[in-house]
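Welcome! Take a moment to look at the chain below, and then we will walk through a few of its side-chain contacts and one of its helices together.

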Amino acid sequence: MTGNFVVVTIASRMQKNGKAEGNIEGLLKLRDAALQLGISFPTIKQWIYKKKIRSNRTAGGHHRIPQSEVDRLLFRTRGKTEQQRKEEIRRVSGRNQLVGRIESVQISGLMAEVRVSIGGQQITSIITARSAREMQLKRGQTAAALIKATEVMILRV
């Protein structure tokens with residue numbers, strides 16, 4: 001019965017102003033937040049005391065970190081400079097990467113066809129037009145084709 005009462009109380013708070021006043025879902029324990037940020041428990045405590053990260057206090061006096069704070073800091077913890085952050089983003093676990101030159105980029109509507117020449121062979125990829133624009137893909141640039149497949153077939157030629 002108590003569980004039902006708590007749910008009703010949270011729902012009524014949400015309906016009052018359109019937002020959750022007591023947003024329990026988006027608050028993380030310190031250890032969970034530290035794990036997501038890749039830092040230690042003592043470090044996150046110091047960040048709270050130095051006001052580098054915002055926390056909410058529970059009725060029992062424990063700190064809880066909003067998920068939005070973790071998201072805000074997540075990008076910054078991956079590299080000290082802009083260049084280091086860009087390099088971190090480019091790292092991919094896939095090893096099937098073939099480097100070649102972009103032969104053509106054809107954007108049509110929401111999609112883009114990108115042809116990459118690798119060792120005299122052509123690989124065609126269909127990606128979103130937005131991705132092609134964000135990466136500023138142009139003919140003649142060097143690009144890597146990352147191949148992810150559950151099966152690889154061999155044809156004797």
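Which side chain meets that of Glu103 in a salt bridge? The partner is Arg139, with N to O at 4.0 Å. Here a salt bridge is a side-chain nitrogen of Lys or Arg within 4 Å of a carboxyl oxygen of Asp or Glu. The pair links distant parts of the chain, 36 residues apart: Glu103 sits in strand S4 (residues 97-108), and Arg139 in the loop between helix H6 (129-135) and strand S7 (142-146). Helices (H or I, at least four residues) and strands (E, at least two) are DSSP runs, numbered from the N terminus.

A word on the source: this is a predicted model, in which local features need pLDDT of at least 70 and side-chain atom pairs count only at pLDDT 80 or more, while totals for chains, interfaces and linings use all residues. Residues are numbered from 1 along each chain as its sequence is written, and side-chain values use heavy atoms, with hydrogens and water left out.

By the salt-bridge rule, the count comes to three. Here they are:

| Salt bridge | N to O distance |
|---|---|
| Arg72 and Glu69 | 2.9 Å |
| Glu103 and Arg139 | 4.0 Å |
| Arg130 and Glu134 | 3.0 Å |

Arg72 and Glu69 both belong to helix H4, three residues apart, about one turn of the helix. Arg130 and Glu134 share helix H6 and are four residues apart, again about one turn. An α-helix has 3.6 residues a turn, so residues three or four places apart point the same way.

How open are these residues? Buried means under 20% relative accessible area, exposed over 50%, and partly exposed in between (1.4 Å probe, protein chains only). Glu69 is buried at 9%, whereas Arg72 is partly exposed at 35%. Glu103 is partly exposed at 25%, and Arg139 is exposed at 65%. Both Arg130 and Glu134 are exposed.

Now turn to helix H2 (residues 30-37), where Leu30, Ala33, Ala34 and Leu37 are buried. Seen down the axis, these buried residues fall within an arc of 100°, so they line one face of the helix; the arc is that of the directions from the helix axis to the C-beta atoms. The buried residues of H2 pack against strand S1 (27-28), helix H3 (41-49), strand S3 (63-66) and helix H4 (67-74), where contact means heavy atoms within 4.5 Å. On the face turned away from the buried side you will find the exposed residues Arg31 and Leu35. After H2 comes Gly38, with a positive phi near 75°.
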